[in-house]
Amino acid sequence: MRRLLACALALFTMNLVCATFATANPKPDKDAQLAGKIKAGIAKLGTGPQAHVELKLRDGTRLKGYVSEVSDDHFVVIDWKTGASTTVPYPQVKQVKGNNLSTGAWVAIGIAAIVGITVLLLIALRGS
């Protein structure tokens, strides 16, 4: 009896030493994290015809157009070809691709084009 009690006490002590503790905070839902990232991306992209976007929704639907309106729980995409508007809740979006070149980017592209044309004209004039 004494030996059995000693073994039980030893196992109980080992259980206390080797115990792991569970945290009280569960991990956030992955879908909620993805919806938050999409919401931040759409907000960064902006609204208007320059805010081009291509979406793939969870049901397999694909949308192309531009973002016309942004809200806390959804955004609105206007189709380029038909002009139809589609309200899209953030959790329904599976994948998003978008671009919105800033004014600085457009200026840089314009300057590069002007410099390129000038160089070509100078080369053509020297060759004549």
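Reader: Phenylalanine 75 and tyrosine 90: buried or exposed?

Author: Bearing in mind that this is a predicted model, both phenylalanine 75 and tyrosine 90 are buried.

Reader: How many aromatic pairs turn up in the whole structure?

Author: A search of the whole structure gives 2 aromatic pairs. In one of them, the ring centres of tyrosine 66 and tryptophan 80 are 5.1 Å apart and the planes stand at 50 degrees, so this pair is classed as tilted.

Reader: Where do tyrosine 66 and tryptophan 80 lie?

Author: Tyrosine 66 belongs to strand 2 (residues 62-70), while tryptophan 80 is in the loop between strand 3 (74-79) and strand 4 (85-89), so the pair ties together parts that are 14 residues apart in sequence. With 18% relative accessibility tyrosine 66 counts as buried, whereas tryptophan 80, at 43%, counts as partly exposed.

Reader: And what is the geometry of the pair formed by phenylalanine 75 and tyrosine 90?

Author: That pair is also tilted, with 5.3 Å from centre to centre and 35 degrees between the planes. Phenylalanine 75 sits in strand 3 and tyrosine 90 in the loop between strand 4 and strand 5 (93-99), so that the pair links distant parts of the chain, 15 residues apart.

Reader: OK, the core now. Which residues touch the most other members of the largest nonpolar core?

Author: The largest nonpolar core has 15 residues, and those touching the most other members are Ile42, Val53, Leu55, Phe75, Val88 and Val93. Two or more residues come from each of helix 2 (30-45), strand 1 (52-57), strand 2 and strand 3, and helix 2 gives the most, with 4 residues.

Reader: What is isoleucine 42 in contact with, leaving aside its neighbours within four places in sequence?

Author: With those neighbours set aside, isoleucine 42 is in contact with Val53, Val67, Val70, Phe75, Tyr90 and Val96, and this list includes both rings of the tilted pair formed by phenylalanine 75 and tyrosine 90.

Reader: Changing topic, what pattern does the protein follow along the sequence?

Author: Read along the sequence, the pattern is α-α-β-β-β-β-β-α, with 3 helices and 5 strands in the protein. Buried residues account for 16% of its 128 residues.

Reader: And on the surface, which residues form a nonpolar patch?

Author: Ile111, Val115, Val119 and Ile123 form a nonpolar surface patch, with about 360 Å² of accessible area together; isoleucine 111 lies in helix 3 (residues 103-127). The protein as a whole exposes about 10,200 Å², of which carbon and sulfur atoms supply 63%.

Notes: Residues are numbered from 1 along each chain as its sequence is written. This is a predicted model: local features need pLDDT of at least 70, side-chain atom pairs count only at pLDDT 80 or more; totals for chains, interfaces and linings use all residues. Side-chain values use heavy atoms; hydrogens and water are left out. Patches are made of residues with over 30% relative accessible area and no salt bridge: like charges are joined within 9 Å, nonpolar side chains (Val, Leu, Ile, Met, Phe, Trp, Tyr) within 5 Å. Accessible areas come from the Shrake-Rupley method with a 1.4 Å probe; for residues, only the protein chains shown count as cover. A salt bridge is a side-chain nitrogen of Lys or Arg within 4 Å of a carboxyl oxygen of Asp or Glu. Rings of Phe, Tyr and Trp (its six-membered ring) pair if their centres lie within 6.5 Å; planes under 30 degrees apart count as stacked, over 60 as edge-to-face and the rest as tilted. Buried means under 20% relative accessible area, exposed over 50%, partly exposed in between (1.4 Å probe, protein chains only). A nonpolar core is a set of buried Ala, Val, Leu, Ile, Met, Phe, Trp, Tyr and Cys residues joined through side-chain atoms within 4.5 Å. Contact means heavy atoms within 4.5 Å.
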